[in-house]
Amino acid sequence: MSEEEDQELVEPEELLCKACGSAEIQRRPRLGYFLVIAAVAIGVGFLGDHTETAFFIVAAAAIFSMISDRWLCTECGSSWK
Ligand SMILES: [Zn+2]
């Protein structure tokens, strides 16, 4: 695991797992997931001539990326916003 260099500066007290109190948490790269899903969907849609399906997949990925949890505890696997 490599440290992210663009981490936001946040008070340590706010970066504790709500479930186990661990400070070993990380921010989920939601935008990264979305870009990967969107790229795959667009690629599949383009190659398979299913652009409408690809559009819906991208839209669903965008919604999912917005509602998915933001923080993930590396100790117990708990996630929260
Ligand atoms: Zn935890």
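Colleague: What makes I42 count as partly exposed?

Modeller: In this predicted model, I42 has 15 other C-beta atoms within 10 Å. A residue is buried at 20 or more, exposed at 12 or fewer, and partly exposed in between. I42, with 15, is therefore partly exposed.

Colleague: Where does I42 lie, and which residues does I42 touch?

Modeller: I42 lies in helix α1. Leaving aside residues up to four places away in sequence, I42 touches A54 and V58. I42 and E52 are 10 residues apart in sequence, with their C-alpha atoms 9.8 Å apart in space.

Colleague: And I63, is that one buried or exposed?

Modeller: I63, which lies in helix α2, has 11 C-beta neighbours inside 10 Å. The cut-off for exposed is 12 or fewer, so I63 counts as exposed. I63 and F34 are 29 residues apart in sequence, and 9.3 Å apart in space from C-alpha to C-alpha.

Colleague: How much of the chain counts as buried?

Modeller: The figure is 7% of the 81 residues of the chain.

Colleague: Let's turn to the helices. Why are α1 and α2 called roughly antiparallel?

Modeller: Helix α1 covers residues 30-48 and helix α2 residues 51-67, and they pack at an angle of about 175 degrees. Angles over 145 count as roughly antiparallel, and therefore α1 and α2 are roughly antiparallel to each other. Their axes are 8 Å apart.

Colleague: Which residues of α1 meet α2?

Modeller: On the α1 side they include F34, I37, A38, A41 and I42, and on the α2 side the list includes A54, I57, V58, A61 and A62. By class, this contact of α1 with α2 has 13 nonpolar, four polar and one charged residues.

Colleague: How do you know that the span of α1 agrees with its number of residues?

Modeller: At 1.5 Å a residue, the 19 residues of α1 should span 27 Å. The end C-alpha atoms of α1 are 27 Å apart, which agrees. The expected span takes 1.5 Å times one less than the number of residues.

Colleague: Where is D49 found, and what makes D49 count as exposed?

Modeller: D49 is found in the loop between α1 and α2. With 9 C-beta neighbours inside 10 Å, D49 counts as exposed, because the cut-off is 12 or fewer.

Colleague: Now the strands. How do the elements run from the N terminus?

Modeller: They run β-α-α-β-β, which gives two helices and three strands in the chain. The three strands form an open sheet in the order β1-β2-β3, with antiparallel pairing.

Colleague: Why do β1 and β3 stand at the edges?

Modeller: β1 (25-27) and β3 (79-80) each have a single partner strand, so one side of each is left without a neighbour in the sheet.

Colleague: How do you know that β1 and β2 pair?

Modeller: Three bridges join β1 to β2 (residues 71-73), and the two run antiparallel. Pairing needs at least two bridges, so β1 and β2 count as paired. Q26 stands opposite L72 in β2.

Colleague: What share of the contacts join residues at least 24 apart?

Modeller: Among contacts between residues at least 6 apart in sequence, 60% join residues at least 24 apart.

Methods
Residues are numbered from 1 along each chain as its sequence is written. This is a predicted model: local features need pLDDT of at least 70, side-chain atom pairs count only at pLDDT 80 or more; totals for chains, interfaces and linings use all residues. Helices (H or I, at least four residues) and strands (E, at least two) are DSSP runs, numbered from the N terminus. Two residues are in contact if their C-beta atoms, placed from the backbone, lie within 7 Å. Axes are lines fitted to C-alpha atoms, for helices over the stretch in contact, and angles run from 0 to 180 degrees between N-to-C directions. Angles under 35 degrees count as roughly parallel, over 145 as roughly antiparallel, 65 to 115 as roughly perpendicular and the rest as oblique. Ala, Val, Leu, Ile, Met, Phe, Trp, Tyr, Cys and Pro count as nonpolar, Asp, Glu, Lys and Arg as charged, and the others, Gly among them, as polar.
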